[in-house]
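Please look at the sequence and the 3D structure below before reading the notes. Keep both at hand while you go through the points.

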Amino acid sequence: MRLFAFVLALLWPLGLGAQQAAQLIADRVILNGAGQLIATGNVTAFYDGAELSASEILYDQANDTLQITGPIVIRLADGTLLTASRADLDPQLENGILLGARIVLDQQLQLVANQIDRQEGRYSQLYNTAATACRVCGDGPPLWEIRAARVIHDDVERQLYFQDASLRIRGIPVLWVPRMRLPDPTLDRATGLLVPQQRNTNRLGFGLKLPYFFTLGDSRDLTVTPYVSPETRTLELRYRQAFRNGTFQAEGAISQDTLLDGTRAYLFMSGDFDLRDGYQLDFDVESSSDPGYLSAYGYSDKDRLDSAVSLLRVRDGTLFKTRLTFYETLRNDESRDSLPPVVADLSYSRSSAGPFGGRLHYTASLDAAYRTSNTDGDEGRDVLRGGGEGRWARTWILPQGVLAEADLTARADLFAVADDSAYPATDLRFAPAAGLTLRWPLIATSASGATQVIEPVIQVAWAESYGATPPNEDSTRTELDRANLFALSRFAGEDAVQTGPQVAAGLSWSRFGAEGLETTLVVGRVIRQEPDPDFTPSSGLDGDASDWLVAGQISGLGGFLFDARSLWDADDGLNVADSRISWRNDWITLGANYIWQSPDMSEGRTGTISEWTVESVFAINQTWTLDVGGRYDIAADRPVSADLGVTWQNECVTVDVSASRRFASSDTVDPTTTFGISGSIGGFSTGRAAGGLTTGCGN
């Protein structure tokens, strides 16, 4: 007896043909003398995570047919919903007819048809069809719908083919196409036209971008975007490929416009790969035909391009890294050779247990800076450095909870200098250092459950340098902060080292609230026997005594973070101040930064820098999102950039409107104002719905 035959109706959307165990619940089941099995009254069948409900199911063994009387509802495990008033199918469900049918794909796109013909177990032909991802309220039309004389749904390729189709907005036809293909919402990638974008700028005029997406197998794709306006003819390209051990992406554009004679172009490439033995390979390439191209077309705000390749391996106790970087400046007040353009570095570090209960750390490194010019001095100098460092460190716990940290370091470097007669061709430097740090953390817990920690810290250190005084290529922009307050050397690179006796003292206070609020405040200063000429005034480290470091941080629930740092000169007051606010939760994403720096001729800064930057996204409600960003130069009293974006999104439509302004102060980059608008309809893989079909009809 073939009791399972009617349950095969569950298998049609799944594309399964195997006979598996099923469960049937019905008020009444009859097997009559004509070889018919009839189940009536609240019929429900369960199969492989799917559920079918109907008023009656009849299986005719003689004719090998299956008749289902509605209302029919089929719910699949993947969220697909099918309803119909009546169905006549073969037991294998590869062929048949459903009347008054409605399909909901991926809880997003619904298709309503007078009749659905099922063919070959793969194709579904829908006649007189209406397709939409919008809510349908009563007899009123949805916000948008596609009406078609016939729609073919390919279950295998997951494609929808429309014939004699018209797009209607609130029931009004606005576009008719004889044939149209769209991917169904279950397909993530499909070849076809993507959402067009409108871009309007004061320099390029009204323009339109028409991106076309090509799938090149499961692991590759290509996007080709023609961009046309009265002032430009541009072709944009993006290629992506995924490998078993990494990814690669390349994007670029080529343009002919009225802004500049000749062809303009840019190319950005990047990749990362996991190699054998734990090595990680990363590379990126950045190139532009001229300084103003990236800004004029909105591709990037970078004013320096860096192309690099790096190799990294991290293991327990060892670190290997090497990197080769080529810099290209887009600034009109900076030459390529002054950067320098080519920088290479290689290092290997190892850590292991050492004598007397301490830890030993070894580092061998090699780095180079190369300039293409042969001019004698800063514009042509080439430097090669190779060296090694050994460090021993240990921590003790003394009476009363005092922590003592001892640090002994010795390093040797060999320098080779070319194209600069102020330095010898080769020279050797040996730099030993030693330090002792004492910390006394004092902890108290209040009745509210908050924990407070006060920690005074003092460090006594000594360092010396014997031999060469090489050119300083990698430590020209060092500043005092919380991370290097108690370091033996506060230079950021390897070319310069601190020398002489010094004392660093600081006091930190931290509070950890029971409700999750954490607050930290740090005050500190460095005293040296002699000033170091390689430190600039704005570094906070010049002179016998450094500036006072005052830094703090507040973090709490709801993703809020406030971080600030300032350097105070004992005589001149505030020298440097910077702060940032970060806040991220369900309704706001905020990032704000402020920086203030006093004039410093040694760093080429003739005036005060005072500038803030804000990037924010506000989710006003489930429909509206506001994006606001900007950068303002307070010292010059002028805006640098401004961005505004508004997004309106419901369950079936997304509309983005944006405006931006770049206020250039460079001769190579002109001010640019850009307006853009783009939109997409949900329910297809080219425009996902916001949250599936909405059953309610409220605003």
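What follows is a short briefing on this chain, grouped by topic.

This is a predicted model, in which local features need pLDDT of at least 70 and side-chain atom pairs count only at pLDDT 80 or more, while totals for chains, interfaces and linings use all residues. Residues are numbered from 1 along each chain as its sequence is written, and side-chain values use heavy atoms, with hydrogens and water left out. The chain has two helices and 42 strands; these are DSSP runs (H or I over at least four residues for helices, E over at least two for strands), numbered from the N terminus.

**Overall shape and surface**

- The radius of gyration of the chain is 35 Å, well over the 27 Å from the globule rule for 699 residues, so the chain is more spread out than a compact globule. The radius is taken over C-alpha atoms, and the rule is 2.2 Å times the number of residues to the power 0.38.
- The C-alpha trace spans about 110 × 70 × 50 Å along its principal axes.
- Buried residues make up 39% of the 699 in the chain. Buried means under 20% relative accessible area, exposed means over 50%, and partly exposed is in between (1.4 Å probe, protein chains only).
- Of the contacts between residues at least 6 apart in sequence, 44% join residues at least 24 apart. A contact means heavy atoms within 4.5 Å.

**Charges**

- The chain has 59 positive and 90 negative side chains. Lys and Arg count as positive, Asp and Glu as negative, and His and the chain ends are not counted.
- The centres of the two sets lie 5 Å apart, with each charge placed at NZ of Lys, CZ of Arg, CG of Asp or CD of Glu.

**Aromatic rings**

- A pair of aromatic rings is described by the distance of the centres and the angle of the planes. Rings of Phe, Tyr and Trp (its six-membered ring) pair if their centres lie within 6.5 Å; planes under 30 degrees apart are stacked, over 60 edge-to-face, and the rest tilted.
- The count by this rule is 17 aromatic pairs. In one of them, Tyr293 and Tyr299, the ring centres are 5.8 Å apart and the planes are at 55°, so the pair is tilted.
- The rings of Tyr297 and Tyr299 also have centres 5.8 Å apart, but their planes are at 10°, so this pair is stacked.
- Tyr297 is buried at 1% relative accessible area, and Tyr299 is buried at 18%.
- Ring pairs join Tyr227, Tyr266, Phe268, Tyr293, Tyr297 and Tyr299 into a cluster.

**Tyr293 and its surroundings**

- Tyr293 is in helix H2 (residues 293–297) and is buried, with a relative accessible area of 0%.
- Beyond its neighbours within four places in sequence, Tyr293 has contacts that include Thr234, Ile254, Arg264, Tyr266 and Tyr299.
- Tyr293 and Leu259 are 34 residues apart in sequence, and their C-alpha atoms are 9.5 Å apart.

**Two other buried residues**

- Arg528 is in strand S33 (residues 518–528) and counts as buried at 6% relative accessibility.
- Leaving out neighbours within four places in sequence, Arg528 touches residues including Gln498, Pro501, Leu541 and Asp542.
- Leu98 is in strand S7 (residues 96–105) and is buried, at 3% relative accessible area.
- Leu98 and Ala113 are 15 residues apart in sequence and 9.3 Å apart from C-alpha to C-alpha.

**Backbone exceptions**

- Most residues other than glycine have a negative phi, and most peptide bonds are trans.
- The peptide bond from Gly70 to Pro71 is cis, with omega near 10°, and Pro71 lies in strand S5 (residues 65–75).
- Asp277 has a positive phi of about 60°. Asp277 sits in the loop between strand S20 (263–274) and strand S21 (279–288) and is exposed, at 52% relative accessible area.
- Asp637 has a positive phi near 55°. Asp637 is in the loop between strand S39 (624–633) and strand S40 (638–649) and is exposed, at 57%.
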